[in-house]
Amino acid sequence: MRRSVTLAAALAALVGLAERSAHADDPRDLFGVGGKHPAPAPADSCDEPHTFGCASVSDPFDATPPFALSTWLPATYLRRLPVSDATHDAVAQFALGAARDDVGTTFGGATGLENRWTIEGAPADSIRTGGADTRVPLSFLDGITVTAGGFAAHDRTSTGGTIDATLRRGTAHHEVEATVWGGLTAESRRRPIASGSYFLRRLTADAGPDLSAAIVATGPLGRLAGGTAWYAAGIAPALARTHFTWRTSRLVDANDDGAIDGLPGTPVTQLVIETSEDTTGYLVPAMARAGWDRGPHHLALTLIGQTSQGTRFLANATQQAAGLDRTDWAGDGIATYEGKWKRTHARLQLAWHRSVHREAAHDPAAANLPQALTAYVPTTLADDPALTQVCHDNTYPNIETCQVPFGYFASGGAGPLLDLVGDRPTATAEVTHQLDAHNVLRAGATLEDSRLVNTARLTGDVQTRSLFDGHLDELRYYHGSCEPVAHASCGYAHASELTYRTRYTAAYIEDTWTPQDDLKVDGGLRWELMWVGPRLHFSNQLAPRGGFAWDPLGGGRSRVWTSFGRSYVMLPAGIGATVIRRDPTVHDAMGFSDTREVDAGAAYSVTSGIRPMAQDELTAGIELGLSRTFRVTAWAQGRWLRRGLETTPDGFNNPGRVEGLPARRSSELLAAEIATTPTGKLTLRAGYLVGKTIGNFLGPYDPRQGTILYNGDAFDGTGDAALTSGNEMGRLPTDVGHRVFVEADRRGRLGPVVLELSTRLTVASGRPRSAFADTDLGVIALVPRGSIGRGPMLSQANVRLAARWEGFDLTLDVFNAFDRAQSTSVDELYADALVRPIEGGSYEDLVFLKNTDGHEVGRRTAFGLPLAFQGPVSAVLGVHRAF
């Protein structure tokens, strides 16, 4: 609240300054240091979108709401920064109001899986998770529009932000651009080993050299059917090497006393085997566009997508069983027609997004073998005889030298494989009509029909588990019937195939009223339908949105605005495993007795009366454009989640509707930015973001659990302590704290060589830290969430040095130039014991923690240790030529 009052006072002061002089185009006048100077020249027109220095667009048909918290990032500007061969999902965080978590760009306290990603307005986000799917290289882009809030009724959004990529179009003449990059990366960070813990095998992955290129051609296709046709095409292949190293260590008992040396501290180990493997991954984006323009008619046909391949390895496994090759393809076909008449604009778009994910054993020898998971190292391993020899050579006969204290050791086949095929056809129709000089009416509708086919299988059709020699548990998929009796009939299957389907439909009506040239009032109502499978149906989601914007300087040079709006979550098809069905499996156990356990794959029940996940938003701000060379923006945003969606003891529900605490998440943000024109010799852009996010609901992603898609453990607990503890409410991982960025670009000449130096500097608060315990009630917060401080401040400097000579551009990009190595996340599990929360306690109180029997509980030695780090320093050399 104090921050909101402060910002309101600052906004009022800026408005007062703006009113004081209608000619305050010179920054010196605004700050009271100007002297006599000539009368300003007439302002340039603000009819065109994205004109620098124009806070609003005078075009009544402009689709950007007058109160939008949006940032236009032109590709020409982005490519001057140290970004090398980045794709648009990596630079979306450059926008004002944006931050980043482990899975993507974040806005307003939401996670990186709650955004809508579009290309030319067509949805291109992941059908399974909602994250960015089609990745567009900057060389394919005209720019990206990133909107952090302030949505109007016609905006397709969720509970995060929106990122829309605008692609390059044809040019008046044939043009070709080619760029080649080559890069090197320093050794990756090594995670520390907790005291008292031991790993049989540790795996490290170091980025090797990488090579990429981009070729883009644009131009005219000549006259066609009375109009003009154009084309744009490009391809941007990239190759990257990764060096994997496995280090196998065994425990030591040098004095043969039957005790592991080093305990209870860090055990003494002996490195016995070291192996390595180099892999090459690739990413190949491609684009092909053709368009036709004739008078008011405009048609654009687009094919864009990418194919990629990478390898994932397990650490605690034989090298044969460890590898998994993942091949992905994602792409979009988009057909867009626009009719632009004097008083009416119409837009019709048909699009199809398709994604394919395939998994296969990296080692061909593991493709048809069952995977064996053992809680020990077997005495015989056909795929790793060297390991069995060093683990069972009786060097230290009084101890088990190769223990598997956590999980299982994998050998034989590659194990579980997953294939995904997703399709999402989309149809959108919009009409904008200018009723009179003061009113512009918009109406439209859209339909998205997503289908995800999930095929799960096991190499060798079975996966075995063994806790000790003589015990065996066989896991298989089955189809049809399976008797829950050992050795009875069961329809064992080679694979399990499930189809998840979601439908999203929306319609809206919106009116923009302009009572005078410097004032716009926009209001509308959006209706949405969100269905997941046959049971989870939200059919009447009404989202009123509106606001007004005032231009005190006139001519589009400023705007002062406020807005309100409601939005509903866009549920991805991957939630089908929670609310539709899971893969049916059967466990056949053999050992002391033969048993069978059948899991039919039943999903959570959808609780009767469940309501959609809704979020309300308020914004206010000011933007001033001065003399077309200087821009100041400041805004405040508040968001309040009214209802969440999660698994609970009652089924899939709105947490708190039956019992326990309701799901809550609220955020308050203040953002400010100063920018100079991107066409000058010196370009500066600096931004500051401060805010907090309070609640107990994380959404589809939890740093501790990973991508949970509304199936986490936060509301699964039982008992009063788990359901009503106030400790669950606190600062969430998406709490932004403070975030500062500075971008600078300076160009000059040294003889025949044009030199350029650019940089992007960022400083951000670390993630709020918590202390959890895994108890008989579930995972609980021992003290208020996010109350034990923050992670270290994260700072990074990226620098580019460029030179242009004889038509060639040579660039050197250095990322994390000072090689900062702070941790970005830490282990937050304090204890694994029968304990209860310390209501309203502090970190200092944890030393007095006791279990339910009254005995003291010590913290886990892994608590607080880093899990991930900033990326190491890397350098990329590029050569560019335009023809």
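This is a predicted model: local features need pLDDT of at least 70, side-chain atom pairs count only at pLDDT 80 or more; totals for chains, interfaces and linings use all residues.
Reader: What does V146 touch, leaving aside residues up to four places away in sequence?

Author: Contact here means heavy atoms within 4.5 Å. By that rule V146 touches L69, S70, T71, L73, A92, A95, F107, T162 and I163.

Reader: Which residues have the most contacts inside the largest nonpolar core?

Author: They are V91, I119, L141, V146 and W635, in a core of 50 residues. Elements that each supply at least two residues of this core include helix 3 (75–78), strand 4 (116–119), strand 6, strand 7 and strand 9 (201–224).

Reader: What other core lies apart from that one?

Author: There is another core of 21 residues, with A506, V569, L641 and F697 among them. To belong to such a core, a residue must be buried and joined to others through side-chain atoms within 4.5 Å.

Reader: Which strands does strand 19 pair with, and over how many bridges?

Author: Strand 18 (residues 416–434) pairs with strand 19 over 17 bridges in the antiparallel sense. Strand 23 (residues 495–516) is also antiparallel to strand 19, with 19 bridges between them. Since at least two bridges are needed, both qualify. For landmarks, L417 has R457 as its bridge partner in strand 19, while L452 is opposite Y500 in strand 23. The link from strand 18 to strand 19 is a hairpin of 4 residues.

Reader: What stands out in the hairpin of strand 24 and strand 25?

Author: That hairpin has 3 residues between its strands, and G533 takes a positive phi near 65°. Strand 24 (residues 519–532) and strand 25 (residues 536–550) are antiparallel over 13 bridges, with W531 opposite H537. Strand 25 also joins strand 26 (residues 558–568) through 6 antiparallel bridges, where G546 is opposite F564.

Reader: Now the charges. Why is R559 with E623 called a salt bridge?

Author: The closest N and O atoms of R559 and E623 are 3.1 Å apart. The cut-off is within 4 Å, so the pair qualifies. R559 sits in strand 26 and E623 in strand 29 (residues 614–626), 64 residues apart, and both are buried.

Reader: What makes R639 and E617 buried, and how do you know that they form a salt bridge?

Author: R639 has a relative accessible area of 2% and E617 has 9%. Buried means under 20%, so both meet the rule. Their closest N and O atoms are 3.0 Å apart, which is within 4 Å. R639 lies in strand 30 (residues 630–641) and E617 in strand 29, so the pair ties together parts 22 residues apart in sequence.

Reader: How do you know that E728 and R785 qualify too?

Author: Their closest N and O atoms are 3.5 Å apart, again within 4 Å. The pair links two loops, 57 residues apart. E728 is at 7% relative accessible area, and R785 is at 7% as well, so each is under the 20% limit and buried.

Reader: What makes R116, D125, R156, R424 and E448 one network?

Author: Salt bridges that share partners join these residues. Over the model, the count comes to 50 salt bridges.

Methods:
Residues are numbered from 1 along each chain as its sequence is written. Side-chain values use heavy atoms; hydrogens and water are left out. A salt bridge is a side-chain nitrogen of Lys or Arg within 4 Å of a carboxyl oxygen of Asp or Glu. Buried means under 20% relative accessible area, exposed over 50%, partly exposed in between (1.4 Å probe, protein chains only).
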